[in-house]
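Thank you all for coming.

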Amino acid sequence: MTKTSPPAETLNDPFKRVMGVLGQLQAPPLHDSAWIAPFEQLVGAAFSLIESEKRGFSCRQYSPVYHPSVQCKIVGLLQELGGGKESTKKDALDNWLSRYYFNAGIQRVNFAAERLIATFAALPCKCGARPPEITVNNHRPPNFQQRLSGAQARLTHVQAEYTTPLPKLQSVLDQFGSRYDRNHPFDPSKGLAMIRRDVNSRKHAVYKRSEVLDALPRPASGTITWSKAGFKARMETGVQCLELVVGAYSELLAWYPMAKF
Ligand SMILES: [Zn+2]
């Protein structure tokens, strides 16, 4: 965890921020470490957000012709790419890829955060005196709320016996624990809850255009939700969440580097 803030000129530059956070990621020392899965997902998340920004995600505008100019052409454009040919529609290809990598990035931020919490709560504590906070019960794995409460109980215990505070991990738990639904206002302080909602709704929901106003221009007034917040605000939130989860991961790795199941 770094104690110094990044210089002001890099604050609004998602690409530089993600490159910075990538540089902070340390691999766990053991090949069978309990922290391997979150590590892999955080590396993948950073790479995906870098590739997304290279293709200009946060500078994009809502396009009323996205369907004819990108969606209807993307199969052929990916065939050209796969065949090693020069692209005949570079901007349409980059447009699609920037979204593809952004979604791949925030999915991994979400998976990494959830697995970090699950791992922290399911480990027997480093002190040897405290069993796992959560276990499989009657072949049923714990649900998200149980993992969240388990991780909070473990954190309260660890903070009493370990002298270094774990503020990033506490923020991860607070963000997930905050109340958030898709129609709630865009709120970067609930970034992980917004991303989790977005990732899960893509996994399970049917597509309703009226509910997926993908990156429409920000309305001048009224409630701005995640899906209406625009590309720039979503990338900034994605990067901020990545920074937070990498911070929490680094705190846990420093607390218990040799953890394994
Ligand atoms: Zn302990």
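Let me begin with N138, which is exposed because 4 other C-beta atoms lie within 10 Å. By the rule used here, a residue is buried if 20 or more other C-beta atoms lie within 10 Å of its own, exposed if 12 or fewer, and partly exposed in between, with the C-beta atoms placed from the backbone. Residues are numbered from 1 along each chain as its sequence is written. Please keep in mind that this is a predicted model, in which local features need pLDDT of at least 70 and side-chain atom pairs count only at pLDDT 80 or more, while totals for chains, interfaces and linings use all residues.

N138 sits in the loop between helix 5 (90-122) and helix 6 (144-161), where helices (H or I, at least four residues) and strands (E, at least two) are DSSP runs numbered from the N terminus. Its phi is near 50°, a positive value in a residue other than glycine. H139 lies in the loop between helix 5 and helix 6 as well, and its phi, near 65°, is also positive in a residue other than glycine. Most residues other than glycine have a negative phi. H139 counts as exposed, with 5 C-beta neighbours inside 10 Å.

What do helix 2 and helix 9 do where their axes come within 11 Å? The axes of helix 2 (residues 36-54) and helix 9 (residues 231-255) cross at roughly 155°, which makes helix 2 roughly antiparallel to helix 9; angles under 35 degrees count as roughly parallel, over 145 as roughly antiparallel, 65 to 115 as roughly perpendicular and the rest as oblique. These axes are lines fitted to C-alpha atoms, for helices over the stretch in contact, and the angles run from 0 to 180 degrees between N-to-C directions.

Finally, W226 lies in the loop between helix 8 (191-204) and helix 9, and W226 counts as buried because it has 23 C-beta neighbours inside 10 Å. Leaving aside residues up to four places away in sequence, W226 touches R182, F186, M194 and D198, where contact means that the C-beta atoms of two residues, placed from the backbone, lie within 7 Å. The C-alpha atoms of W226 and D181 are separated by 9.7 Å, although the two are 45 residues apart along the chain.
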